Amino acid sequence: MTTRLSLQINGRTVAYEVSPRTHLGDFLREQEKLTGTHLGCEHGVCGACVVLVDDQPIRSCITYAVACEGRSVTTIEGYDSDPLMAKLRHAFSSHHALQCGYCTPGMLATARDIVLRLPDANERVVRAELSGNLCRCTGYLGIVEAILFVLHDLKQTPDARVEALRSSKVLQHQLADNTRIQNNTLPFQTFSAHDVSSVDPNMRGGHSIPAAALEDSPQLTTNGTTILESFDLPFSATTVWLMMIDLPAVARCLPGAFISTLEADRVQGGISLKFGPMQAAFDGVATMSIDEHNQTAILNGNGKDRLSQSRASAKITYRIESIEHGHSRVHVNMLYSLQGPLAQFSRSGIVQDFVRRMIKIFADNIVLSLTDPNQSLTQQPQALRPLALFFGIFWDRLRNLFSRSK
Ligand code: FES
Ligand code: FES
C-alpha cells in the first residue's frame with residue numbers, strides 16, 4: 001500500500017507515492033538521493049539524521065515521511081543561500097569541529113537552531129542543547145567553540161539577514177500560539193517551584209516538599225511500564241483531594257500541558273515534551289473516574305504525537321492519604337506505554353527518571369497553586385525546563401553510580 005506524498009525539499013516541490021512506513025531519512029536518501037542526511041542509530045538517539053521540517057530540527061530516522069505532507073524540509077544540501085549556515089560552516093572548519101564528518105550534518109542543523117533561538121547562550125547552554133547530537137570523534141570541544149564563536153561574532157557584528165531569520169523564528173512561535181488561541185484552546189499556566197536553571201548537585205530544590213519517595217522499581221508488564229511514586233504535601237487531605245479532582249487545576253500544574261475542551265469527566269487537550277533526543281507533542285483525550293470514599297481518582301488517557309505519529313496511553317491512579325500534622329500524602333501509580341517510533345524510549349531508565357521528575361515538578365506546582373490560588377492569574381506561563389531536567393537526571397545517575405561503587 002502506498003500513499004501520495006507532496007512536500008517541499010530544499011525549496012523544490014516534490015510528489016511521490018510512498019509506503020506509510022517509510023521514514024523521512026530513508027525517503028530523503030533513497031528517493032531523493034540526498035545522502036548528506038546521515039543515519040546512525042536509527043533510533044532517535046544520535047542526532048546524525050537531524051533535518052529541518054518547517055524550520056524546526058527533527059530526527060528524520062523516527063519521523064514518517066507521510067507525516068511531512070505539505071511541509072517544508074531542509075537538508076544539509078539545502079543551505080547554500082542560508083547566511084547563518086555559511087558562518088557556521090566556516091566556523092566548524094576553522095575550529096576543527098569535525099573529523100570523519102558523520103555527525104556534522106545533524107550537528108550543523110542543531111547548531112543553526114541554537115544560534116537562532118538562543119543568542120545569549122553560554123558554553124553550558126550550548127553543551128546542553130547539543131546533548132542530543134553524538135560525535136564519536138571530536139570530543140565536542142571544537143564544535144562548542146565554533147558555535148560560541150558564531151554567537152559572539154553575531155553580537156560584535158550583527159547581521160541583518162540572521163536577525164531576519166531570528167525574527168521569523170519568533171514569528172513562528174507567535175503564530176503557533178495564535179493558532180492555539182483561535183482553536184479555542186487554553187495554554188496552561190505552569191509554575192516552577194524552584195529555579196533549576198543552574199546545575200545544582202542536589203537538584204531536589206522543592207522548598208516545602210520532601211524528596212519524592214520511590215516506592216518501588218519500575219515494572220515492565222505486557223501493558224506497559226508502571227511507576228509508583230508518592231509525595232507529601234503540607235495541606236490537608238481534603239484540600240488536596242478537592243484540587244486533584246479538578247481537571248483544569250490538575251492540568252495547570254503539569255508543565256507543557258494545554259486543554260482544548262472539557263466536558264464533565266472528559267478532557268481533550270495535549271502535552272508537549274522536549275527532553276534530550278526526545279521531542280513530542282501529544283494530542284489526545286482523557287477521562288477521569290473518582291472514588292470519593294477512598295479519595296482515589298483514575299485518569300485514563302491516550303494521545304498521538306503530531307509528527308512521529310507515535311501513540312501513548314497512560315493510566316494514572318492517585319490516592320490521597322491523610323498523614324500527621326494535618327498533611328497529606330499523594331500515592332501515584334502510573335502505567336504508561338508508547339507505540340511507534342518513540343516506543344524505544346519507554347523502556348529506557350532515563351525516561352522513567354524523566355517521568356519521576358515530572359511528578360516532582362507537578363507536586364511543587366500543586367504547593368504553589370494551593371499556597372496562592374491567584375498565582376495562576378499573575379504568573380507568566382513557564383515552559384518545562386528540559387535542560388535543567390536533563391542535567392538533574394544526569395547528575396542523579398552519576399551520583400548513584402558512584403555511591404554504588406563505594
Ligand atoms: S539516526 Fe540516530 S537519531 Fe536518527
Ligand atoms: S566528526 Fe566523526 S562523528 Fe563527529
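In what order do the strands of the open sheet stand? The order is β2-β1-β5-β3-β4, in an open sheet of 5 strands with mixed pairing.

## About the model

This is a predicted model, in which local features need pLDDT of at least 70 and side-chain atom pairs count only at pLDDT 80 or more, while totals for chains, interfaces and linings use all residues. Residues are numbered from 1 along each chain as its sequence is written, and chains are lettered from A and ligands numbered from 1 in the order in which they are written.

## The sheet

Helices (H or I, at least four residues) and strands (E, at least two) are DSSP runs, numbered from the N terminus. Two strands pair if DSSP finds at least two bridges between them. Strands β2 (12–18) and β4 (56–59) are at the edges with a single partner strand each, so one side of each has no neighbour in the sheet. From one strand to the next, the twist averages 40°.

Let us walk through the pairs. Strand β1 (residues 3–9) runs antiparallel to β2, joined by 7 bridges, and T3 stands opposite V18. The hairpin of β1 and β2 has 2 residues between the strands, and N10 takes a positive phi near 50° there. On to β5: β1 and β5 run parallel with 2 bridges, and Q8 stands opposite S72. Strand β3 (residues 50–53) runs antiparallel to β5 (residues 72–74), again with 2 bridges; here V53 has V73 as its bridge partner.

Helix α2 (residues 83–94) and helix α3 (residues 104–117) have axes that come within 10 Å and cross at roughly 120°. That makes α2 oblique to α3 (under 35 degrees counts as roughly parallel, over 145 as roughly antiparallel, 65 to 115 as roughly perpendicular and the rest as oblique). Axes are lines fitted to C-alpha atoms, for helices over the stretch in contact, and angles run from 0 to 180 degrees between N-to-C directions.

Residues are in contact if their C-beta atoms, placed from the backbone, lie within 7 Å. Among the α2 residues that meet α3 are L84, L88 and F92, and the α3 residues they face include L108, A111 and V115.

## A look at Y64

Where is Y64? Y64 lies in the loop between β4 and β5. Y64 counts as buried, because Y64 has 24 C-beta neighbours inside 10 Å (20 or more is buried, 12 or fewer exposed, and in between partly exposed). Leaving out residues up to four places away in sequence, Y64 touches P20, T22, H23, L24 and Q309.

Key. Two residues are in contact if their C-beta atoms, placed from the backbone, lie within 7 Å.
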